[in-house]
Amino acid sequence: MKSPISCFLIDDDEDDQEIFLLALRKLDASIACSCADNGADALLRLRQDEAFKPTYIFLDLNMPGMNGKQCLTELKKIARLQHTPIFIYSTSSDMRDRVEAEKLGAEGFLTKPAQVSTLINQLSQLFLNYPNGRA
């Protein structure tokens with residue numbers, strides 16, 4: 001029996017959070033997802049709640065305060081997340097952002113699509129390619 005999937009979305013845009021949650025519900029209602037509005041809040045939660053270990057982390061690049069690249073660097077320092085794939089989830093489609101994020105340890109890069117159906121397809125593929133994160 002496979003483990004339940006849990007996601008952690010770090011994104012300052014409430015509309016983008018809602019779209020992401022909607023896509024997950026349509027894909028599989030059993031997928032749990034928590035959200036943080038910025039990198040600092042996400043890191044605080046992850047550092048304070050040792051039991052919180054999402055299967056996947058999705059991280060926006062363009063956030064006020066701590067941006068996604070800074071947050072990614074800090075996430076990579078948390079030992080219990082060393083096998084948790086972190087995906088950039090951003091409006092950016094700039095190849096430089098992709099390359100830099102991968103150098104910092106991001107597993108992949110999803111450009112926020114215009115259609116919920118496209119996001120559902122992207123997430124479905126991602127979960128197939130990375131079943132239950134990484135062992």
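Analyst: Gladly! Keep in mind that this is a predicted model. Ask away.

User: Why is the pair of Arg47 and Glu74 called a salt bridge?

Analyst: The closest N and O atoms of Arg47 and Glu74 are 3.1 Å apart. The structure holds nine salt bridges.

User: What makes Arg47 and Glu74 a pair that ties parts together?

Analyst: Arg47 sits in helix α2 (residues 39-48) and Glu74 in helix α3 (residues 68-75), so the bridge joins parts that are 27 residues apart in sequence.

User: How do you know whether Arg47 and Glu74 are buried, exposed or partly exposed?

Analyst: Buried means under 20% relative accessible area and exposed means over 50%. Arg47 has 45% and Glu74 has 22%. Both values fall in between, so Arg47 and Glu74 are each partly exposed.

User: Which other residue does Glu74 form a salt bridge with?

Analyst: Glu74 also pairs with Lys77, with 3.0 Å between the closest N and O atoms. Lys77 has a relative accessibility of 58%, which is over 50%, so Lys77 counts as exposed.

User: Why do Glu50 and Arg80 count as a salt bridge?

Analyst: Their closest N and O atoms are 3.9 Å apart, and the cut-off is within 4 Å, so the pair qualifies. Glu50 lies in the loop between α2 and β3 (56-59), while Arg80 lies in the loop between α3 and β4 (86-90), 30 residues apart. With a relative accessible area of 57%, Glu50 is exposed.

User: Where is Ser90, and what makes it buried or exposed?

Analyst: Ser90 belongs to strand β4. Its relative accessibility is 0%, which is under 20%, so Ser90 is called buried. Leaving aside neighbours within four places in sequence, Ser90 touches several residues, among them Asp60, Leu61, Phe109 and Lys112.

User: How do you know that Ser90 has a polar contact with Ser92?

Analyst: A polar atom of the Ser90 side chain lies 3.0 Å from the backbone nitrogen of Ser92. The distance limit for a polar contact is within 3.5 Å, so this pair is inside it.

User: What makes Asp94 a cap?

Analyst: A side-chain oxygen of Asp94 lies 2.7 Å from the backbone nitrogen of Arg96, at the N-terminal end of helix α4 (residues 95-103). After α4 comes Gly105, whose phi is positive, near 115 degrees.

User: Why is Phe52 called buried, and which residues does it contact?

Analyst: Phe52 has a relative accessible area of 10%; that is under 20%, so the label buried applies. Phe52 is in the loop between α2 and β3. Beyond its neighbours within four places in sequence, Phe52 contacts Phe8, Ser34, Arg45, Leu46 and Arg80.

User: Which residues have the most contacts inside the largest nonpolar core?

Analyst: They are Phe8, Ile10, Leu46, Ile57, Leu59, Leu75 and Ile88, in a core of 21 residues. At least two core residues come from each of β1 (6-10), α2, β3, α3 and β4. Leu46, for example, contacts residues including Phe8, Phe52, Pro54 and Leu75. There is also a second, separate core of 17 residues, which includes Ile5, Cys7, Ala23 and Leu119.

Terms used: Residues are numbered from 1 along each chain as its sequence is written. This is a predicted model: local features need pLDDT of at least 70, side-chain atom pairs count only at pLDDT 80 or more; totals for chains, interfaces and linings use all residues. Side-chain values use heavy atoms; hydrogens and water are left out. A salt bridge is a side-chain nitrogen of Lys or Arg within 4 Å of a carboxyl oxygen of Asp or Glu. Helices (H or I, at least four residues) and strands (E, at least two) are DSSP runs, numbered from the N terminus. Buried means under 20% relative accessible area, exposed over 50%, partly exposed in between (1.4 Å probe, protein chains only). A polar contact is a pair of N or O atoms within 3.5 Å; within protein, one must be able to donate a hydrogen and the other to accept it, and residues adjacent in sequence count only if both atoms are side-chain atoms. Contact means heavy atoms within 4.5 Å. A nonpolar core is a set of buried Ala, Val, Leu, Ile, Met, Phe, Trp, Tyr and Cys residues joined through side-chain atoms within 4.5 Å.
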